[in-house]
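Dear colleague,

Please find below the structure that I am handing over to you. A short account of the findings follows it.

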Amino acid sequence: MEAGEEPLLLAELKPGRPHQFDWKSSCETWSVAFSPDGSWFAWSQGHCIVKLIPWPLEEQFIPKGFEAKSRSSKNDPKGRGSPKEKTLDCGQIVWGLAFSPWPSPPSRRLWARHHPQVPDVSCLILATGLNDGQIKIWEVQTGLQLLNLSGHQDVVRDLSFTPSGSLILVSASRDKTLRIWDLNKHGKQIQVLTGHLQWVYCCSISPDCSMLCSAAGEKSVFLWSMRSYTLIRKLEGHQSSVVSCDFSPDSALLVTASYDTNVIMWDPYTGERLRSLHHTQLDTPMDDSDVHISSLRSVCFSPEGLYLATVADDRLLRIWALELKTPIAFAPMTNGLCCTFFPHGGVIATGTRDGHVQFWTAPRVLSSLKHLCRKALRSFLTTYQVLALPIPKKMKEFLTYRTF
């Protein structure tokens, strides 16, 4: 879609398995994820099942079902045949999903040495956070389970790998803790982060791997150092529980979404609140019974850092341009729980309470040279370092996202 156009529904996946359990959360899609290279899509479809689907989907996809798109030999340099869709039976309701970045060759050798059953391939990993507090680690290419991480005492709600490829995994749980695991050391637990008083809903690691943001059922958001695993600061500003957070691709911005119907954009380095995006209803309700009708569920940045997507309980997917205070596009979606952008842009995936996944067109835009320069600089300069540069004030304001 071009900027300003309404998102179009490209495809929809529905669980093909009958309801076998009476668990309240058994059929809900709490998490969807694309692999960082864009070659796989993971979907927690409910009933303890995760589907691993080669991307892109077959072009003639219809909602009833689909086959994985055939790959030509040029996309499969090692000649192992086309990737096949895989079904991972996790044995428990799945709440969180996270793909690893492609590990470096030393990491692959370590995995091959410790796990001789794993073929010598580029080891892309999927972590699944489960209802019983366990985290199961899977090798994507084979569908083999590699590790089972134990430590959490309640639901593992969210997972995040460090983008550097170091195979450090962060988990967020209803037991009110975050835990840090090193998958290069057999999944050793290296730190427990405490301080939240409510269930931890979401964790996000900054792309430069310096910071970790965690959101619990509290009005404040915690920012942690990924170097010392200590609390840097609490961000205060929301009026209700914060349930989702995400860093911009250059680590210069942090967005948080709350049941208070607002997304707040922060400077994570200074703790400054840069702007709020309010989710107003399109139609006025007939009565006041639905107080939380616009409660937010999920927020995420687009891969180039110029757009945000949000999912709210008012049955809308919204797309926002970074510099505007109102959405540029809406799409109707019922019972939305989560959203994520395809890493190469152009598509948003959303998950629902019914166990469905929908794929929507997302804005495709050619980033301006100004934005590309800002993104490149901010990927390695903190806000304080930018402010110390001997450059004009207007340039500093632009580089620190103060020119909305």
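In which sense do S10 and strand S11 pair, and over how many bridges? S10 and strand S11 (residues 168-173) pair in the antiparallel sense, over 5 bridges. Strands here are DSSP runs (E, at least two residues), numbered from the N terminus, and two strands pair if DSSP finds at least two bridges between them. Within this pairing, Ser 173 of S11 is the bridge partner of Val 156.

This is a predicted model, in which local features need pLDDT of at least 70, side-chain atom pairs count only at pLDDT 80 or more, and totals for chains, interfaces and linings use all residues. Residues are numbered from 1 along each chain as its sequence is written, and side-chain values use heavy atoms, with hydrogens and water left out.

An open sheet is formed by 4 strands in the order S10-S11-S12-S13, with antiparallel pairing. Strand S10 (156-161) and strand S13 (188-193) are the edge strands, each pairing on one side only.

Residues 126-148 are 0% helix and 65% strand, with end C-alpha atoms 12 Å apart. For residues 149-184 the values are 0% helix and 50% strand, with end C-alpha atoms 13 Å apart.

Lys 219 lies in the loop between strand S15 (211-216) and strand S16 (221-225). The C-alpha atoms of Lys 219 and Asp 260 are separated by 9.2 Å, although these residues are 41 apart along the chain.

Kind regards
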